[in-house]
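Dear colleague,

A summary of the findings comes after it.

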Amino acid sequence: MLEDESISMKDKEKVDCIICGDYVLPIDAGMTVIANGAVAVDRGKIVDVAGYDEIISRYASDNIVGGSGRVVIPGLINTHTHAAMVYFRGLADDLPLKEWLEKHIWPAEAKWLSPEFVSDAVELACLEMLKAGITTFNDMYFFEEAAAVSARRMGVRAVLGSGVIDFPTVSAKTVDEYFEKAERFVVDWKGDDLITPCIAPHSAYTCGPDTLKKAKKLAEKYDLLLHIHLSETEWEVGEMKARYGRKPVEHLEEIGFLDKNVLAVHCVWVEDNEIDLLAKRGVGVSHCMESNLKLAAGFAPVVAMLMSGIKVTYGTDGAASNNDLNILSEMSTTAKVHKALTSNPTVLDAKTALLMATRWGAGVLGLERTTGSIEKGKAADLVVLNLMKPHLSPVYDIYSHIVYSMRASDVETVMVGGKTVIDNGQLLDGSESEIMDKAKRWAERIKKG
Ligand SMILES: [Zn+2]
């Protein structure tokens with residue numbers, strides 16, 4: 001018997017890790033649910049996904065992760081944030097958007113932003129996101145080279161958008177300087193296995209047509225994602241009409257900006273003809289439900305956008321307007337709000353909600369070949385969630401549990417590119433308390449002003 005076992009072990013392919021659970025949700029084209037499933041991971045990649053018995057008959061590993069009472073899903077994707085703004089979390093709340101931005105956030109940024117600030121703050125943002133099962137985030141901010149070093153150190157996958165805006169900030173004095181910085185950042189980081197540079201003109205109302213066209217040219221030169229806020233507030237629509245005689249999406253179409261490499265964030269005040277334009281051009285959308293709710297920006301027509309074929313995904317936006325970086329809660333809130341808005345509880349069903357947070361998230365960021373689903377050849381960006389909790393018992397429909405009942409504290413193991421970064425709910429390599437102490441020290445300085 002023992003001899004037989006040793007012979008069969010020799011026949012098995014040795015892999016770095018086997019991750020298993022009561023359920024594996026690959027988020028493949030058929031939205032398969034694999035009961036008693038497992039994923040074989042080797043050299044950072046997914047080599048196989050199937051039933052546990054099948055995987056264990058083909059592969060051997062010294063490292064078995066997960067087990068009974070667990071569910072394995074692809075890492076969640078946050079398609080819009082300003083990660084470093086975690087240091088402004090709770091600094092100013094309950095204010096009108098314009099006042100919040102102009103009297104609190106922009107002055108705080110002008111006073112405090114620096115590479116050191118961004119480096120320390122992004123560490124905290126990455127820790128928060130990883131502990132909530134987010135393995136990829138898309139950022140828009142300044143000093144992204146500092147963000148890249150921190151995100152890499154924390155082991156999270158990131159698309160980092162070097163910010164461009166038509167007025168001076170601590171980051172750059174002129175539009176040319178923003179572009180010089182952005183291009184240098186792109187050249188320095190393109191080809192990295194975890195960090196993907198992108199270009200992030202802030203919005204169509206803070207960037208004139210020349211700046212937007214220049215951003216588009218840079219994106220085409222290096223095949224980059226164009227990451228832009230679009231039609232967030234009613235004020236913005238009025239401003240664009242007054243300046244250009246066109247609504248924000250019409251304006252971007254007119255100057256030739258829209259294509260499949262554009263990720264439009266918010267799209268709250270888009271009308272039917274604008275939805276058609278976004279769909280026609282293959283533009284991806286990042287919907288930031290909780291930020292829109294908190295700033296009372298309005299309600300994006302998410303169901304209409306989905307019906308027109310637009311890939312709508314979730315963004316947390318910055319922590320100053322949310323106030324956390326949690327895609328599990330965005331999924332739940334978004335599904336519920338849009339059911340209520342359309343008086344239709346069948347829209348945004350749990351499967352669609354999770355698809356938007358995973359495979360579509362990767363798709364709109366141009367990372368569909370790398371992440372977003374548990375399929376052979378993709379990076380092992382995986383999350384193990386613990387189902388052995390009162391609020392997750394009993395289980396009838398696993399998709400329903402993930403979307404409507406899961407909390408960030410149910411995240412047990414997180415792997416990015418085959419490397420375990422969160423183990424038993426805790427950061428594996430590094431000190432959580434040191435990261436939080438650093439945040440406390442910065443906040444003490446910020447409070448003093
Ligand atoms: Zn934003």
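Predicted model: local features only at pLDDT ≥ 70, side-chain atom pairs only at ≥ 80, totals over all residues.

Residues are numbered from 1 along each chain as its sequence is written, and side-chain values use heavy atoms, with hydrogens and water left out.

Domains and their interface

The protein chain divides into domain 1 (2-74 + 379-427) and domain 2 (76-364), with bounds that come from an automatic or database domain assignment. Their centres, taken over C-alpha atoms, are separated by 31 Å. In contact (heavy atoms within 4.5 Å) are 28 residues of domain 1 and 29 residues of domain 2. Between them the two domains bury about 2200 Å², 70% of it on carbon and sulfur atoms; buried area is the accessible area (1.4 Å probe) that two parts lose on being put together, summed over both.

One salt bridge is found across this interface, where a salt bridge is a side-chain nitrogen of Lys or Arg within 4 Å of a carboxyl oxygen of Asp or Glu. The side chains of D381 and R157 meet in a salt bridge at 2.7 Å, N to O. On the side of domain 1 that touches domain 2, the elements giving two or more residues are β6 (64-74), α16 (398-405), β16 (411-416), β17 (419-423) and β18 (426-427). Of these, α16 gives the most, with five residues. Helices (H or I, at least four residues) and strands (E, at least two) are DSSP runs, numbered from the N terminus.

Helix α14

Six of the eight residues of α14 (residues 350-357) are buried, that is, under 20% relative accessible area, with exposed meaning over 50% and partly exposed in between (1.4 Å probe, protein chains only). The buried residues are A350, A353, L354, L355, M356 and A357. They pack against several elements, including α13 (327-341) and α16.

Salt bridges

The count comes to 26 salt bridges. In one of them, K221 pairs with E183 at 2.9 Å between the closest N and O atoms. K221 lies in α7 (residues 209-222) and E183 in α6 (residues 175-189), so the pair ties together parts that are 38 residues apart in sequence. K221 is exposed at 58% relative accessibility, whereas E183 is partly exposed at 25%.

K247, buried at 9% relative accessibility, forms salt bridges with E250 at 3.8 Å and with E271 at 2.5 Å. D48, E54, R58 and K376 are linked in a salt-bridge network.
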